[in-house]
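Subject: Structure handover

Hello,

Here is the structure you asked about. My notes on what was found in it follow below.

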Amino acid sequence: NYLVPLMIGAKDMVFPRLNALSYWFTPAAVVFLLLALPAGGFDTGWTAYPPLSARAPLGMTLMFLAFYLVGLSSIVGSVNLLTTIFKARAPGMGLFRMPVFVWASMATSFLQLTFTQLVGMTFLMVLFERVFGMGFFNPDMGGNVILYQHLFWGYSHPAVYIFVLPGLGVISEIIPVFSRKPLFGYPAVALSSLGIAVGGSLVWGHHMFAAGIESWLVIPMMVTTVLVAVPTGVKIFSWVATMWMGKISLETPMLFALSAIAVFLVGGITGVPLGIVPVDLYLTDTYWVVAHFHYTLFGGFVFPMVAAVYFWFPKVTGWSLDSRLGKIHWALMTPGFFFTFLPMFWLGMNGLRRRVAEIEPNPGFTEWSIVATIGGFIIGISMLLFFINIVISV
């Protein structure tokens with residue numbers, strides 16, 4: 001919202017009132033979500049699979065309404081961003097003259113506009129089951145439980161790229177500045193954002209290999225899952241080539257961007273085994289998935305967004321964040337992350353299940369779990385320093 005109009009020379013978003021509406025949907029959603037807790041809560045986890053979600057207490061309905069409002073906010077916001085990018089660019093700014101972050105925002109908006117509607121419709125169908133007794137996912141009434149998973153993951157895998165694409169755009173903005181070189185292969189990097197958006201929308205079935213999906217769908221989903229690594233690889237090679245022979249300055253935003261690249265690379269590589277059917281059947285629902293997911297999300301979203309705050313904070317406020325405190329934040333958060341999530345690959349390979357409250361005593365499980373817990377506290381402390389830095393600077 002803040003950066004895209006500035007970067008393309010627009011005065012503001014094209015629809016300011018729609019912009020405000022998309023913002024104010026969110027507090028309403030938070031209210032519904034908090035009300036869900038005294039109304040019985042929801043014991044389905046975040047995936048809300050039926051039949052459990054069709055029979056859960058009233059809190060489940062409120063959770064669906066909260067999710068629905070957040071989704072509506074996403075859809076409205078993406079309409080606004082896309083219209084702004086295509087209609088409000090400064091004269092002479094062609095698509096291939098836009099900053100890379102704007103390309104990333106455009107690809108993200110396409111995903112939000114297309115796939116958030118899918119999950120909104122899916123949750124509406126479960127709501128209709130709950131309120132009106134319909135049977136979309138009830139086999140006794142001719143429904144199909146697996147259909148819910150197709151629709152849910154049809155959104156929820158592209159949702160990962162809705163997180164990650166802006167983060168990758170941030171890295172593409174920061175690396176050239178602190179390498180003092182133009183971005184290597186700008187057209188390829190720009191188009192790779194759209195490539196990730198398209199490829200990422202064709203891979204949802206890998207979340208369902210163990211659910212018993214149609215046999216003809218298994219191999220195509222495996223192939224598309226592996227192929228989505230190609231446009232991601234284009235970005236990583238571009239970043240490395242940009243830094244090559246550059247005059248690198250290790251300021252705080254650059255340090256976080258470098259951590260992001262290292263973490264995201266591991267996230268991508270560890271996703272490949274999960275895309276291969278026989279390996280996935282062994283690893284699915286273990287801590288390997290938890291580790292892979294957090295490597296992807298921290299590398300593609302958390303580290304880049306922290307880098308973005310350090311990088312653009314002076315643009316927003318006119319003040320810089322404290323550089324020394326920023327570097328301490330980085331020096332704590334990066335090893336803290338590896339302490340937390342690296343052991344989970346070992347735990348997952350050795351059979352520690354996710355979504356289980358208590359585990360049987362097993363050699364190695366307890367020790368590595370304690371290491372991961374300590375790492376989690378280190379991340380927490382580092383983020384506390386980050387917020388202190390922001391408050392002091394403001």
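Arg 354 is partly exposed, at 22% relative accessibility (buried means under 20% relative accessible area, exposed over 50%, partly exposed in between, with a 1.4 Å probe and protein chains only). This is a predicted model, in which local features need pLDDT of at least 70 and side-chain atom pairs count only at pLDDT 80 or more, while totals for chains, interfaces and linings use all residues. Residues are numbered from 1 along each chain as its sequence is written, and side-chain values use heavy atoms, with hydrogens and water left out.

Salt bridges

The model has 2 salt bridges, a salt bridge being a side-chain nitrogen of Lys or Arg within 4 Å of a carboxyl oxygen of Asp or Glu. One joins the side chains of Arg 354 and Asp 285, at 3.6 Å from N to O. Arg 354 sits in the loop between α13 (323-349) and α14 (365-393), and Asp 285 in the loop between α11 (277-283) and α12 (287-317), 69 residues apart. Helices here are DSSP runs (H or I, at least four residues), numbered from the N terminus.

Asp 285 also forms a salt bridge with Arg 355, where the closest N and O atoms are 3.2 Å apart. Because Asp 285 lies in the loop between α11 and α12 and Arg 355 in the loop between α13 and α14, this pair ties together parts that are 70 residues apart in sequence. Asp 285 is partly exposed, with a relative accessible area of 30%, whereas Arg 355 is exposed at 55%.

Nonpolar core

The largest nonpolar core has 100 residues, and those touching the most other members are Phe 64, Met 98, Phe 298, Phe 303 and Phe 337. A nonpolar core is a set of buried Ala, Val, Leu, Ile, Met, Phe, Trp, Tyr and Cys residues joined through side-chain atoms within 4.5 Å. Helix α6 gives the most to this core, with 18 residues. Leaving out residues up to four places away in sequence, Phe 298 touches Val 263, Phe 303, Pro 304, Met 333, Phe 337, Phe 341 and Ile 379 (contact means heavy atoms within 4.5 Å). A second, separate core of 5 residues includes Phe 25, Ala 66, Leu 69 and Val 76.

Regards

How values were computed. Helix = DSSP H or I, 4+ residues; strand = E, 2+ residues; numbered from the N terminus.
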